Amino acid sequence: MAAAPTAPPAASADDEIVYESMPCIRIYKNRVERYFGSEFVAASTDDATGVASHDRTISPNVSARLYLPHLEDPAAKLPVLVYYHGGGFCLGSAFNPTFHAYFNSFAALAKVLVVSVEYRLAPEHPVSAAYADSWEALAWVASHAAGAGDEPWLVDHADFFRLYLGGESAGSNIAHHMTMRVAEEGLAHGAKIQGLVMIHPYFLGTNKVGSDELDPAVRDSLGSLWRVMCPTTTGEDDPLINPFVDGAPGLESLACGHVLVCIGEGDVLRDRGRAYYDRLTASGWRGEAEIWQAPGKGHTFHLLEPHCDEAVEQDKVISDFLNR
């Protein structure tokens, strides 16, 4: 996995700081300095797992890294997980060592074909760009559902009856909005979303919840972060960051039949994730939802401690969900 971020340089004295979350990112009025999450590792075949990966350019703004587990049957069809990485809309990459190591391990465990999406980051590209890019990637994947297209792994190995969306943190937010958009617009060739994997979702709201008090400074920083990433926002009750407010699309229309919500007991966003599960199951939505909590663990702990017992168990829960 990627090393922890190193100490960043001192702030420039001649430029206004708009937002910082150290030691990861400092956003000045006229530029952004990222100290973590932008490292690059090449696609490869992983010696330890046999998982192969390669990169695809989907459009000038959108690309993806695909992961294919070792197959005993070369004609095997696999579940497809279209995955959106987290990072507060401003950090991270489908090509960095953290996600590359994670999907080498997870694709081998779950025997799924992963499409890890690279989208444009805020604040250079406010969050509407992440949603647009993520939809473009999903539409590209669905364009292969008729058995033809420009990506051989999707043509040869994707089971489009088992198409899933997922993500962690801001990536969960994106995955939710993509699934709601599918309800409005549909996908090519009648492709359907079978399920949605929400890992430590990044949702906010002006209402107080118990987990806000786990770390009030972090909770305040997440609110500030959102306002910088989405400068046109109305605030924490913007339907983009709070799917429960008046004006947000009704959860009953969520365009999938199964949802898994993973939360961490020590995460300040824990109760927002739990609220998503509670609101969804009470909404009249006709699918099946489940929730799993990692005892004692914080936000995206599985990327920081991939071999801890809780991370191993969370991966197993997600793998089982994708293979029912």
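Reader: In what sense do strands β1 and β2 pair, and over how many bridges?
Author: In this predicted model, strand β1 covers residues 17–21 and strand β2 covers residues 25–28. A hairpin of 3 residues joins β1 to β2. The two strands pair in the antiparallel sense, and the number of bridges between them is 4.

Reader: Which residue in β2 does E20 stand opposite?
Author: The pairing to consider is that of β1, residues 17–21, with β2, residues 25–28, which run in the antiparallel sense. Within this arrangement, the residue in β2 that stands opposite E20 is R26.

Reader: How many helices and strands does the protein chain have, and why can it be called as compact as a globular protein of its length?
Author: The secondary structure of the protein chain comes to 8 helices and 11 strands. For 324 residues the globule rule gives 20 Å, and the radius of gyration of the chain is close to that value, so the chain is as compact as a globular protein of that length, with a radius of gyration of 19 Å.

Reader: What share of the contacts between residues at least 6 apart in sequence join residues at least 24 apart?
Author: The C-alpha atoms of the protein chain fill a box of roughly 60 × 45 × 40 Å along the principal axes, and buried residues make up 54% of the 324 residues. Among contacts between residues at least 6 apart in sequence, the share that joins residues at least 24 apart is 72%.

Reader: Which element gives the most residues to the lining of the second largest pocket?
Author: The second largest pocket has a volume of about 210 Å³. Of the 11 residues that line this pocket, the closest to its centre are Y102, S105, P306, H307 and D315. Two elements give two or more residues to the lining, namely α1 (97–110) and α8 (309–322). The element that gives the most, with 4 residues, is α1.

Reader: How do the residues of that lining divide into nonpolar, polar and charged?
Author: The lining of the second largest pocket is made up of 11 residues, with D315 among those closest to the centre. By class, the residues of the lining divide into 7 nonpolar, 3 polar and 1 charged.

Reader: Is T300 buried or exposed, and which residues does T300 touch?
Author: T300 lies in the loop between β11 (288–294) and α7 (301–304). The relative accessibility of T300 is 15%, and because buried means under 20%, T300 counts as buried. Leaving aside residues up to four places away in sequence, the residues that T300 touches are E168, S169 and H200.

How values were computed: Residues are numbered from 1 along each chain as its sequence is written. This is a predicted model: local features need pLDDT of at least 70, side-chain atom pairs count only at pLDDT 80 or more; totals for chains, interfaces and linings use all residues. Side-chain values use heavy atoms; hydrogens and water are left out. Two strands pair if DSSP finds at least two bridges between them. On a 1 Å grid over the protein atoms alone, a cavity is a set of points where a 1.4 Å probe fits but cannot get out, and a pocket is an open set with protein on both sides within 12 Å along at least five of seven lines; lining residues have an atom within 4 Å of a point. Grid points are joined across faces, edges and corners, and a volume is the space filled by probe spheres set on the points. Ala, Val, Leu, Ile, Met, Phe, Trp, Tyr, Cys and Pro count as nonpolar, Asp, Glu, Lys and Arg as charged, and the others, Gly among them, as polar. The radius of gyration is taken over C-alpha atoms; the globule rule is 2.2 Å times the number of residues to the power 0.38. Buried means under 20% relative accessible area, exposed over 50%, partly exposed in between (1.4 Å probe, protein chains only). Contact means heavy atoms within 4.5 Å.
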